[in-house]
Amino acid sequence: MSNPAFRVMERESSVSYEETATLNGTIKKTIGLFGVTIVSAIATGMFLPSVVSSLYPVMIMAMIVAAILAVVTCFKPNIAEYTTPGYAVFEGVTLGVISLAFEHMYAGIVAIAVATTFAVMGVMLFLWQQKIIVVTEKVRSIIISLTMGVAALYIINMIASMFWTSFLPRSGVVGIGIAVVIAAVAAFNFLLDFDNIEQSVKQGMPKYMEYFNAFSLLLTLVWLYLEILRIIQMVMSLGKDD
């Protein structure tokens, strides 16, 4: 779950390139990947069968392909131009099925989650631009450490789920509190994404870093969206139980 761009940037920063990353190019790639993901998610909800249970095999297959493309992109960032659009498509299919399932439980939850996700990203961009939060090496190491801790928590929960139990609570005040903390960690990863984009441009890193940084930003956005979706669902469920 840790931000993949940081490790790649360390490796690429000492090399000179003829074509280098630009801020304008990164913004265009980011908008493009976001657009592909959103269109793919909407198309999944509109054109595939409306019975959620029948879509689970599609979601699993899409998740596997998206995961493979994500890993390939992290290890081979120089081909990000070719792997990231595919990742966006299959990630969109995955999000489309998940969103459809949540929407069947609580009408309107997806719109709230999407709006909240982009609002949080906007707030983090403002905090970073205004230097209210400066990404120093200490701040970077703290965010990465917290992210790795969350990743370990996910792995433990996945292993526990194999034995018909769940390490992380799926409802209640405690479950909401844990999900809020995880969402906060995801939100702070935006600071790393924004800073990585700036450093890529300043240090004259290769053109493919535009795609790679856009991909990294998309990973953070998807992670935050899923956590916010889960938080809203638990809050609505809590109110329904009351």
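Predicted model: local features only at pLDDT ≥ 70, side-chain atom pairs only at ≥ 80, totals over all residues.
Reader: How many helices and strands does the chain have, and in which pattern?

Author: The chain contains 8 helices and 0 strands. Along the sequence, these elements are arranged as α-α-α-α-α-α-α-α.

Reader: What makes I38, I42, M46, F47, V114 and F118 a nonpolar patch?

Author: Nonpolar side chains such as Val, Ile, Met and Phe are joined into a patch within 5 Å, provided that each residue has over 30% relative accessible area and no salt bridge. I38, I42, M46, F47, V114 and F118 form such a patch on the surface, and together they have about 600 Å² of accessible area.

Reader: Which elements give two or more residues to this nonpolar patch?

Author: They are α2 (23-47) and α5 (109-129). Of the elements, α2 gives the most, namely 4 residues.

Reader: Why is M46 called exposed?

Author: M46, which is found in helix α2, has a relative accessible area of 57%. The term exposed applies over 50%, and M46 is therefore exposed.

Reader: What share of the residues of the chain counts as buried?

Author: Of its 242 residues, 45% count as buried; the cut-off for that term is under 20% relative accessible area.

Reader: What is the accessible surface of the chain, and what percentage of that surface belongs to carbon and sulfur atoms?

Author: The accessible surface amounts to about 12,500 Å², and carbon and sulfur atoms account for 72% of that surface.

Reader: Among contacts with a separation of 6 or more, what percentage is between residues 24 or more positions apart?

Author: Such residues supply 86% of those contacts in the chain.

Notes:
Residues numbered from 1 in each chain as written. Heavy atoms only, no water. Patch = residues over 30% accessible without salt bridge, like charges linked within 9 Å, V, L, I, M, F, W, Y side chains within 5 Å. Areas by Shrake-Rupley, 256 points an atom, 1.4 Å probe, with all protein chains shown as cover. Salt bridge = Lys/Arg side-chain N within 4 Å of Asp/Glu carboxyl O. Buried < 20%, exposed > 50% of the residue type's maximum accessible area, 1.4 Å probe, protein only. Contact = heavy atoms within 4.5 Å.
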